[in-house]
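Please look over the sequence and the model shown here.

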Amino acid sequence: MTAAQPLTFHARAGEKVRDLRLQAALQKARPLFVGKRAKGVAALAEDGLDFERLRSAGEEIRNRVLADLDVWLEIFEERARAGGAEVLWARDGKEICDLVIDVARRHGVSKATKSKSMLSEEADLNAALAAAGIRPVETDLGEYIVQLAGEAPSHIIAPAVHKSIDQVEALFAREHGRPVQPRSSADIPAMAAEARAVLREHFLSADMGITGANFLIAESGSAALVTNEGNGRMVTTLPKVHVIVTGIEKIVPTLEDFATLMRLLPRSATGQTISNYVSLLTGTRREGDGEGPTKTVFILVDNGRANLLGSPWQDMLRCIRCGACMNHCPVYFSLGGHAYGWVYPGPMGSVLTPLLTGLENALELPRASTGCNQCGSVCPVRIPLPKLMHRLREEQVVRGLRPRRERLMIGAWAWLARQPKLYRWLAARAARYLRWLAGDAAAIRVFGLAPAWTEGRDLPVGPGRTFHELYAARKRA
Amino acid sequence: MRVALYVTCLVDLMRPSVGFAALRLLEAADCEVVVPAGQTCCGQPAWSAGERAAAASLARKAVAELEGFEAVVVPSGSCAEHMRKVWPELLADDVYWAERARTVAERCHELSSFLVDFLKFAEPRADFSGSITYHDSCKGLRGLGIKKQPRELLARVPGLRLTEMNECEECCGFGGAFSVEFGEISTQIVDRKCESIAAAGADAVVGGDLGCLLNIEGRLRRRGDNRTRVLHLAEVLAGGSDK
């Protein structure tokens, strides 16, 4: 498992807030994500569908799977094997890497093309492959860009959303061996075509394709792949070996259930009625098939997921990785995904990172939320993300992970708030003090007790008397 | 109707005029208003920090002092949401308190929803002239479904024009302790809100939660906007300043 980055979230956040190029990229992307989803959801009515009822159906399907996950996994394993695939199990990131490298060695693989897989990010698979002498080539355009930059994806469905067009141009010029040209958004199709030409060579020469799976369908033993660029098709049909690395929670019972979830996933992610490509991959190339791998391997990964079953955070396992929560998150769009320090950013990352890498490794994430619940209200499978973050805050307290000073202060304040007379008296003194600090002004510009507040804004203050003081005086009068 | 006014700790300390405005509105709606003397804080800050025991102790204290009223009115969607939704959950496993907390929670109302949904109150005594834009605070909006109530009330104020800002339902970045613990991120978020407010070009930005309003006002002033007034809904509806 990739370790969380050494810098604290605070330090990373500070860097990101001041990165003007990043801020420009994020501000450009945000209204697109929000607007497209809103349109996609509104368009459901044209088909006589109700989004809230679909959400309930999606929630029910995912809950049904989680209630008997072991059973569904066994059914999937049996059906996938019947179709000719091999099914392997990985407990953690290291086991993913070992298994993939072992499959690669068995088949003499020297180059692997990849379609987006967040699980491979959890395992840091690319680094492990490279170390084993196998060249991994990311083929999703965004993933290709971040791989060239030596970075991790900053968004689960738009990995390079943090990059400006100039940054991409510089990377392409370097990688593709040509001079840098001035670029505008009109050049995006040409740049994409350039990447496609390079990637085509890789598609044709790779011995192995590695993908994730958006869903695993138990009744048919299939992997469902939802993509927009067509690279997924190339990765899954051209190489002789196809390895699918995905989490054990990605199971859905039937094709019918899959169809229901497909009404939710693309709409929530990009606002599309359906993505450009939807592949259902079952088994290996059969006799008479013109294409397809002769070897298909599923690697089903736990990496901390089974621990969440039956825990107060089980709801998180419903996640279908659409990205809507981060697309509607004010914190995500102030920072971008890299600030979150591990694979998953935004609200779902703030829940998953501590749960999968250890609460003590991500103490700030569940607290770095305004509690606005914009995420919870768009989640297509109704994951109560703010509630799950809140439970993590409570768990930090229960496990003694909060600083002593903070606990003492809250304890003292809560005690004081239960002593109304003393509280009133102190509040009255505080009101006078604030008024005095502001002087003749309406607000305090530098407030030593909460410097973080006045770093960015004034603190407007009242008349120097509390409501209860004034109310008591009025009653006496 | 005998109504308890729970002014909130923030209004008590930072802006008493909101409490008096709420008081005048309730009296104008023929309520017998009592301000329970022992009230301090609903406990949301402790709850947000994950301090369940401290939050529960404050919930018990508040439930005990609010039990005798037909209704409890709060000029804050955030506090009202905490009282209505979190108190019963916090005390659900406490045999002695669970039922009492549920009963009191059901009687707690955010001010605008109390006036519109509960009292069907029609006549604010406002004397506002000019344009305003309304910021929907998160907890009231997404937690309690408060959206049309403040707008219905504002629509009845003669001389007041409502100009909706872009993304009025976006968070302002306050988030209680969040604004201090993650000040830089909070500033980044409230900047977007300030830009929406500026683009709406209204004389005042109005909202139903003092926390958000202090955050927005503080940032507007720091950005050099000394013109746009920042007002609580109650202050607009009750008319006349009473600071």
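In this predicted model, chain B holds an open sheet of four strands, paired in parallel and ordered 6-5-7-8. Its edges are strand 6 and strand 8 (229–232) of chain B, each of which pairs on one side only. On average, neighbouring strands of the sheet are turned by 35° against each other, direction ignored.

Within the sheet, strand 5 (residues 130–135) and strand 7 (residues 204–207) of chain B run parallel and are joined by four bridges. B:Tyr134 has B:Val206, in strand 7 of chain B, as its bridge partner. Helix 12 of chain B packs on the sheet, where it touches strand 5, strand 7 and strand 8 of chain B. The direction of helix 12 makes about 175° with that of strand 8 of chain B.

The C-alpha atoms of B:Arg161 and B:Ile132 lie 6.2 Å apart in space, although the two residues are 29 apart in sequence.

The secondary structure of chain B as a whole comes to 13 helices and eight strands. The chain is as compact as a globular protein of its length, because its radius of gyration, 17 Å, is close to the 18 Å that the globule rule gives for 243 residues. The C-alpha trace of chain B spans about 55 × 45 × 30 Å along its principal axes. Of its 243 residues, 63% count as buried. Among contacts in chain B with a separation of 6 or more, 79% are between residues 24 or more positions apart.

Chain B also meets chain A: 52 residues of chain B are in contact with 49 residues of chain A. Several helices of chain B give two or more residues to this side, including helix 1 (9–14), helix 2 (16–28), helix 4 (52–66) and helix 12 (210–222). Which helix of chain B provides the largest share of the side that touches chain A? That share, eight residues, comes from helix 11 of chain B. By class, the side of chain B that touches chain A has 22 nonpolar, 16 polar and 14 charged residues.

For chain A, the domain assignment gives domain 1 (52–307) and domain 2 (407–476). The C-alpha centres of these two domains of chain A lie 55 Å apart.

Note on methods
Residues numbered from 1 in each chain as written. Chains lettered and ligands numbered in written order. Predicted model: local features only at pLDDT ≥ 70, side-chain atom pairs only at ≥ 80, totals over all residues. Rg over C-alpha atoms; globule rule 2.2 N^0.38 Å. Buried ≥ 20, exposed ≤ 12 C-beta atoms within 10 Å, placed from the backbone. Contact = placed C-beta atoms within 7 Å. Nonpolar A, V, L, I, M, F, W, Y, C, P; charged D, E, K, R; others polar. Domains from an automatic or database assignment. Pairing = 2+ DSSP bridges. Axes fitted to C-alpha atoms, helices over the stretch in contact; angles between N-to-C directions.
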